[in-house]
Amino acid sequence: MIRSAEPAVLRPNYDRERLKPRILHIGFGAFARAHLLVYVDEVLRKTDGDWGVCAVRLNSGAEELTALDSADHLYTVAEVDDGGITARSVGAVVATCHPKRDGADALFARFEDPDLSIISLTITEKGYCQKDGELDLDHKGIQADLATPEGPGTAIGYLVEGLRRRKEKGLGGVTLLSCDNLPNNGAVCRNVVLAFAQRRDPGLVRWISENVSFPSAMVDRIVPALDDEGRAVLRSVLEGKDDPNGIVCEPFRQWVIEDEFAAGRPDFDLAGAQLTDDVRPFEEMKLRMLNGSHSFIAYLGALAGHETVSACMNDASFRAATFGLMMKEQAPTLSMPEGVDLDAYARALIARFSNSRLKHRTTQIASDGSQKLPQRMLESVRYHMRTGGDWPRLALGIAGWMAYCRGKDDHGNPLPLNDPMAEKLADIAMTTEDGVEYVREVLERSGVFTPMLSEDTGFRTRIAAAYRSLRENGARGAVGALSSD
Ligand code: NAI
Ligand code: CS2
């Protein structure tokens, strides 16, 4: 890979004419472009495989897909850190599809393609329409799709109708490969698909159970939403040209996948992926030590006025508190295989978070907190409550989320609340006095905290105390008080 101050762009070295749409990726956003597609591209560079990708988005993004069509489905990934820029042109995409642009039947035709082997997903945590790992039957989109299954609106509705049509055509099974930050993401995907199918066609449940695999996977690469600085980086390697599908990311990437593929897979291991029969320890390690710290930084950093993750790492109090969260409150909850060095992992995370070439906005990570807190912070809190461990940083992170949901930082500047629960959270903020009453209402009405937590006096007292510290000292002061622990 070329890495220099004035980098060229590594072009595909494989025959793209040979590629078939064997992977249907739903949710062709920033992460997919910089992670899954890079792994596939890397495999194609090392083998004579035919693993092409059909890129799908369901809601927004039709224009970007049309631009990709016009660019012969090529786009650029630029990896940046303080050592420079490494750029590649990814050639693995062979087609695009957007139901709002092409019609739902065009997407269903993709499910009926005999070449299809894998349906991969990056649809965000909220895309699974799940609650506690099961299909949320109160979800308005699910209710609508159960009423009109041939014209779905949710990813789950599309998946089940697509699989039904595949079954009706007498075609073979496929793998549904979730690449989202959910614990046991494969099992969650299976649960919601089967629960929806059960209400659609019980015979379909049997076919899916016998023919479709749902491997879980831990996915990792820090890929911020593209901003003007990112577009400038891309122009710097593309001789001034823009690439609407280009993306900028960190050099690091990791993928740990359960090796359960019903209809084959690319040799992902040749691209550095780890195939395993138990991804759970790696998933918990990453979701708690990386993502839990990300959310801690996001809420408390945004409240303190820090725009990016790297800015928080330049703040000694935040850096120390983040490392303390990783090692004193997240690492103790993990059961890792022999030889995994969590101290080294934490230090590597701090270095990755400190990448000043990546503008990873605290407000971006702050989005969808109602979908993220359970696996990133609350599971660890439950562990400490069971074992008598201390959890001051987790308490402050949870309090930080609550304060963030009131929509203003410590200086009175507005904060964007992007969350499937935004309406309810905003209503609670508007109808309660800030302080103890607000904390109580969020605990009881947000739907984020199970009764085991929200009704626990010790938990309520800890969160209320952390929230009071936050309001009395501000985020920077409250975080600073932590790092002396
Ligand atoms: P993005 O906003 O660029 O793309 C999100 C994709 O999901 C878009 O195609 C969007 O249309 C689709 N989507 C959003 N809400 C949906 C819904 N309710 N139903 C169906 N589709 C929906 O975001 P990005 O960066 O690609 O991240 C997507 C997911 O990838 C994350 O939520 C996370 O689970 C995972 N991920 C992201 C990483 C990153 O650093 N960006 C790193 C590791 C995992
Ligand atoms: C971030 C993740 O936005 C967020 O919630 O914590 O997207 C994070 O960048 C990735 O999980 C890193 O692998």
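Mentor: In this predicted model, a polar side-chain atom of histidine 294 lies 2.8 Å from an oxygen atom of ligand 2, which is a polar contact, meaning a pair of N or O atoms within 3.5 Å (within protein, one must be able to donate a hydrogen and the other to accept it, and residues adjacent in sequence count only if both atoms are side-chain atoms). Asparagine 181 also places a polar side-chain atom 2.8 Å from an oxygen atom of ligand 2, and for lysine 286 the distance from a side-chain N or O atom to an oxygen atom of ligand 2 is 2.6 Å. Taken alone, ligand 2 exposes 340 Å², and the protein buries 88% of that; such accessible areas come from the Shrake-Rupley method with a 1.4 Å probe, and for residues only the protein chains shown count as cover.

The elements that give two or more residues to the shell around ligand 2 are α11 (280-304) and α16 (369-387), and α11 gives the most, with 4 residues. Helices here are DSSP runs (H or I, at least four residues), as strands are (E, at least two), and they are numbered from the N terminus.

The residues around ligand 2 include Asp220, Arg221, Ile222, Leu290, Asn291, His360, Ile365, Lys372 and Arg376, where a residue counts as near if one of its heavy atoms lies within 4 Å of the molecule. This shell divides into 3 nonpolar, 4 polar and 5 charged residues; Ala, Val, Leu, Ile, Met, Phe, Trp, Tyr, Cys and Pro count as nonpolar, Asp, Glu, Lys and Arg as charged, and the others, Gly among them, as polar.

Asn181 belongs to the shell of ligand 2 and is also among the closest of the 22 residues that surround ligand 1, together with Ala30, Phe31, Asp180 and Val223. Around ligand 1 we can follow backbone atoms: an N or O atom of phenylalanine 31 lies 2.8 Å from an oxygen atom of the ligand, a polar one of alanine 30 is 2.9 Å from an oxygen atom of the ligand, and an N or O atom of valine 223 lies 3.0 Å from a nitrogen atom of the ligand. Ligand 1 taken alone exposes 820 Å², of which the protein buries 78%, and its shell divides into 8 nonpolar, 8 polar and 6 charged residues.

As for conventions, residues are numbered from 1 along each chain as its sequence is written, while chains are lettered from A and ligands numbered from 1 in the order in which they are written. Local features need pLDDT of at least 70, side-chain atom pairs count only at pLDDT 80 or more, and totals for chains, interfaces and linings use all residues, while side-chain values use heavy atoms, with hydrogens and water left out.
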